[in-house]
Amino acid sequence: MKFVKGLVLSALSALALATHAQAADKVKNVAITTIVEHPALEEIRQGIIDQLAKEGFVDGKTIKIDYQNAQGSGATAGQIARKFVGDNPDVIIPITTPSAQPVAAATRSIPVIFSGVTDPIHAKLVKQFGKNPGNIAGVSDQAPLEPQIELMQKLIPNLKTIGFIYSPGEANSVAVLGLLEKAAAEKGLKVLAMPAQRTVDISTAAASLVGKVQVIYTSEDNNVVSAYEALYKVASDSKIPLIASDSGSVKKGAIAAIATNQYNVGVETGKLAAQVLRGEAVSNLNTIRTDHDLDFFLNAKSAKAQGIEIPQALREKATQIFE
């Protein structure tokens with residue numbers, strides 16, 4: 001009887017080990033979403049995918065990635081969030097605040113690792129940088145404003161007023177406006193903010209700044225970035241220089257940007273997501289900033305079109321110059 005009992009126990013142990021091994025080898029599901037597609041967000045997404053692969057989580061092999069783009073619609077972002085929660089993936093990775101907020105509202109149990117969120121505290125995703133209770137952590141791409149304002153002053157010596165176009169419904173943009181006003185005031189400068197709720201409003205908002213500001217500064221506001229070509233036309237026609245906070249906008253027509261390296265934002269996000277896929281609790285992970293990892297981009301063609309001469313000293317400091 002003891003012999004039979006021993007065989008049964010051995011068989012059960014073997015079954016348990018086999019089940020555990022199958023669970024370990026099971027393809028895990030990763031859900032990624034963003035509010036809209038533009039170069040900066042694509043760099044983040046690629047950084048995430050590359051880092052996951054580097055850590056052994058390869059799409060189509062050890063993980064399955066479901067990527068959804070809300071095409072600029074808040075309503076669609078909400079639908080995507082609910083779909084993902086219904087699918088119950090191993091981790092959800094929302095890129096940008098408008099995608100992260102509906103995901104955060106839709107689940108308190110599925111691990112969420114956000115990326116490319118400028119101010120996650122203001123967006124009420126987490127209470128602090130570092131560890132937070134609950135199921136949410138991530139990576140902020142907020143770049144310090146002081147060096148960006150200093151860059152504006154070097155390019156525009158008579159700078160007095162900075163124009164800022166923003167989406168009042170986007171928490172990132174509202175947060176940046178407050179930080180910009182504070183940083184500008186410390187240097188004796190003013191900020192003239194112009195709201196633009198929709199992408200189609202960007203050109204009109206820019207035109208209303210003509211004659212009132214000496215430069216227009218743009219954050220990673222998704223509506224503004226999506227309409228950068230229209231913004232560039234107004235800036236070039238009126239000879240008001242554009243200064244951006246991301247490299248993609250410099251490619252599209254801004255003169256310069258001191259920007260967070262978006263690909264590296266994705267890499268850091270991928271590191272956090274990989275820990276979750278290995279079984280680490282999100283509450284043990286740190287929400288981090290990447291403001292120490294900055295690049296300097298210039299666009300010589302845009303500078304000429306907007307009536308700005310780029311000093312040689314700045315050219316020599318550039319990470320990349322678009323001619």
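Leu-298 stands opposite Ile-321 in β14, and 3 bridges join β13 to β14 in the parallel sense. In this predicted model, both strands belong to an open sheet of 7 strands with mixed pairing.

- At the edges are β8 (190–195) and β14 (320–322), each of which pairs on one side only.
- On average, neighbouring strands of this sheet are turned by 25° against each other, direction ignored.
- Strands of a sheet pair through backbone hydrogen bonds, in either a parallel or an antiparallel arrangement.
- β7 (residues 161–166) pairs with β8 in the parallel sense over 6 bridges, and Thr-161 stands opposite Lys-190 in β8.
- The pairing of β11 with β13 is antiparallel and extends over 5 bridges; Phe-296 in β13 is the bridge partner of Ile-258.
- β13 is mostly covered, with 5 of its 6 residues buried.

**The helix across the sheet**

**Nonpolar cores**

- In soluble globular proteins, nonpolar side chains tend to be buried together.
- The largest nonpolar core has 44 residues, of which Val-30, Leu-52 and Ile-113 touch the most other members.
- Helix α11 (residues 262–277) gives the most to this core, contributing 6 residues.
- A second, separate core comprises 30 residues, including Leu-155, Ile-162, Leu-189 and Phe-296.
- Beyond its neighbours within four places in sequence, Leu-52 is in contact with Phe-57, Ile-63, Gly-270, Ala-273, Ala-274 and Leu-277.

**The α2–α11 pair**

- Helix α2 (residues 39–54) packs against α11 at an angle of about 40°, and their axes are 7 Å apart.
- The crossing of α2 and α11 is right-handed.
- On the α2 side, the residues that meet α11 include Ala-40, Ile-44, Gly-47, Ile-48, Gln-51 and Leu-52.
- On the α11 side, the residues that meet α2 include Tyr-263, Gly-266, Val-267, Gly-270, Ala-273, Ala-274 and Leu-277.

Conventions
Residues numbered from 1 in each chain as written. Predicted model: local features only at pLDDT ≥ 70, side-chain atom pairs only at ≥ 80, totals over all residues. Heavy atoms only, no water. Pairing = 2+ DSSP bridges. Helix = DSSP H or I, 4+ residues; strand = E, 2+ residues; numbered from the N terminus. Axes fitted to C-alpha atoms, helices over the stretch in contact; angles between N-to-C directions. Core = buried A, V, L, I, M, F, W, Y, C linked by side-chain atoms within 4.5 Å. Buried < 20%, exposed > 50% of the residue type's maximum accessible area, 1.4 Å probe, protein only. Contact = heavy atoms within 4.5 Å. Left-handed = near helix turned anticlockwise from the far one by under 90°.
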